[in-house]
Structures are given as C-alpha cells and as structure tokens.
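Subject: Structure handover

Hi,

Here is the structure you were waiting for.

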Amino acid sequence: MQRKQLFLKLNPWLSLRTLSAEIVVVNDKIARMSHSPAPQFGAIIIGDEILSGKRQDKHLPKLIELLAARGCTLSWAEYVGDERTRLTEVLRRAVAGNDIVFSFGGIGATPDDHTRQCTAAALDVALQPHPQAQALITQRMQEMAAEKGEAFAPQRPDNMQRLQMGVLPAGAQIIPNPFNRIPGFSCRGARGAWLHCVPGFPVMAWPMVEWVLDTQYSHLFEQAAWLEKSIIVFGGMEAALTPLMVALEKSHEGIKVFSLPSVDHPEYGRHIGLGVKGTPEAVGRAYPALLAGLHTFDVKLGPELVRS
C-alpha cells in the first residue's frame with residue numbers, strides 16, 4: 001500500500017484502477033527479467049553545454065549517491081552531445097541488453113532537444129502523443145496562465161509547442177515530475193533494458209530518479225553488501241605489482257583488484273592506492289592475501305582505507 005500512496009501523492013491525476021494496472025504491468029515485466037543476467041545501472045548525460053564546459057555535470061555524482069544509499073552501484077556512464085546520429089547510437093547500445101539506464105537532458109521541445117526522437121529511433125518505434133503526458137502539460141499551462149492572470153489559450157503557438165513534450169516513443173510510460181508536472185518517460189528494450197529519461201534540471205531530475213528507483217527497483221536494493229579495502233603503497237611500480245594483482249583476481253572469485261597511482265597527492269605524495277573490492281566475505285579473504293603479497297616487495301605500506 002505504501003507504493004500506491006506514494007504514487008498517488010505524486011500522480012493525483014491517476015485513478016486507483018489505472019495505478020493498479022500500471023504496477024501489475026511493471027511487476028510482470030520485472031518478473032520476466034528475473035531469468036536474465038543481473039541488470040546493471042548505467043547513465044547517459046546529454047548536452048553540448050556539458051561537453052563545451054559551459055555547465056558542469058552534477059548528475060553523475062548524484063546518481064552514484066542515490067544508488068549507494070540503496071545498496072546499488074553504477075556500472076557505466078557516457079556523455080554525449082546534442083547530435084542526433086551519435087545520440088541515437090548511444091541510446092541504441094543502452095537498450096540492447098537488460099541494463100537499467102538513466103538518461104539526463106534533452107527531453108524538452110526546443111530545436112536542440114533530441115532525446116525523445118532519438119529514443120524512438122533507437123527502439124525502432126514511432127513517436128506519438130501520450131494522453132497522460134499531454135494532459136499534465138496542459139494542466140501546467142493552465143496553472144501558468146492563472147498565475148499571470150490570463151485566460152488559457154490552448155491554440156497559442158507557444159502552448160502548442162509545449163505539447164510536443166508529450167509526444168513520446170510508442171509504449172512509453174511517464175515518470176512524474178513533482179516540480180512542474182512536465183513528465184519524463186520510461187521505455188523498455190526488446191531484451192529487457194529499461195531507459196528512464198528525465199530532464200537536465202537537477203531540481204526536477206533527481207526526485208524523478210528517486211521515484212523510479214523506489215517504485216520499480218526496490219527488489220534490487222541491498223542485494224549484496226559491497227566493500228572496498230585498500231592500502232597506500234610507497235615506492236612501488238604498477239608494472240611490478242601487476243602479477244600480484246592478476247594472481248589475486250584468479251585465486252579469489254568475485255573480487256576486483258584496483259590500482260590508483262598518484263604523483264602529487266597533497267597528503268601522501270607519490271604513491272599507489274592498491275586494493276580489492278567485492279562482497280565483505282570475498283574482500284575479507286582477498287585483502288590479507290594482498291597484504292601478504294606486498295610484503296614480498298621492497299615497498300613501504302601506509303594507511304589502510306575502507307569504503308562501503
């Protein structure tokens with residue numbers, strides 16, 4: 001019942017019958033995906049303004065934070081500009097498997113917004129008016145007119161243009177926007193991938209991402225605790241330490257070994273951060289082996305670092 005209450009709070013335009021039907025559809029799709037490889041979370045950040053440096057991306061660190069708070073991790077991320085051919089190819093790759101992908105930006109109705117069109121092309125489906133989305137956009141336009149003390153003019157060119165934000169890929173489901181009602185949308189790929197498209201504005205995008213995570217993917221939360229354990233190594237060379245790293249990954253299934261060299265760290269100076277990550281149990285077995293291996297080298301060991 002908690003999920004229904006949250007959904008109704010953010011979606012007051014939906015009847016309980018519509019709500020129940022949509023949840024059944026989503027849960028059925030998730031169940032059919034249960035026999036596929038475990039989905040990974042991915043991110044696509046869209047916009048020439050990011051690539052040109054006019055704006056600094058805030059979505060990547062925030063998505064990592066939102067996932068970590070739920071016991072999940074981000075597996076990959078990609079930046080792409082406002083060029084249709086390249087964006088379509090990026091989206092096509094994103095929906096080719098069974099990943100869960102969040103796309104930020106480009107869902108508006110100006111000439112440099114292409115996410116809706118490119119998503120449709122990537123999925124090989126048509127764009128079509130989405131009744132719920134257009135009803136929400138109309139409601140928002142009515143509110144804006146009332147705030148200005150004006151009569152709502154639905155046929156006015158700017159209002160007609162705003163309705164284009166409700167022309168979505170066939171089969172899309174809307175993502176509620178608690179900030180101004182203009183929804184995002186979700187589409188499913190042929191092999192089970194989900195692509196969730198939200199605006200580029202953080203004040204809108206981040207609550208929408210949280211809603212998607214909490215209503216559709218709570219079954220993935222805290223599936224396995226994750227731990228990183230590393231140590232600062234002074235006087236070592238990555239090339240010399242690589243055989244140890246390779247041997248650890250071969251002998252300890254389920255862990256990843258990482259090496260983060262630094263030449264000018266403000267506290268440690270030149271060093272290598274060498275560690276292992278995985279489930280606490282796997283790390284608990286692999287990390288002592290890492291330390292034992294390091295003691296065979298002519299290196300000095302510094303502080304240990306733990307991240308979960």
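Predicted model: local features only at pLDDT ≥ 70, side-chain atom pairs only at ≥ 80, totals over all residues.

Numbering runs from 1 along each chain as its sequence is written, and side-chain values use heavy atoms, with hydrogens and water left out.

**Whole chain**

The chain has eleven helices and twelve strands. These are DSSP runs, numbered from the N terminus: helices are H or I with at least four residues, strands are E with at least two. Of the 308 residues, 44% are buried (under 20% relative accessible area, 1.4 Å probe, protein chains only; exposed is over 50%, partly exposed in between).

**Tyr-79**

Beyond neighbours within four places in sequence, Tyr-79 is in contact (heavy atoms within 4.5 Å) with Ile-45, Ile-50, Leu-51, Asp-57 and Leu-60. With Asp-57, the side chains make a polar contact at 2.6 Å. That term means a pair of N or O atoms within 3.5 Å; within protein, one must be able to donate a hydrogen and the other to accept it, and residues adjacent in sequence count only if both atoms are side-chain atoms.

**Helix H7**

Buried residues in H7 are Gln-132, Ala-133, Leu-136, Ile-137, Met-141 and Ala-145. Just after H7, Gly-149 has a positive phi of about 70°.

Best wishes
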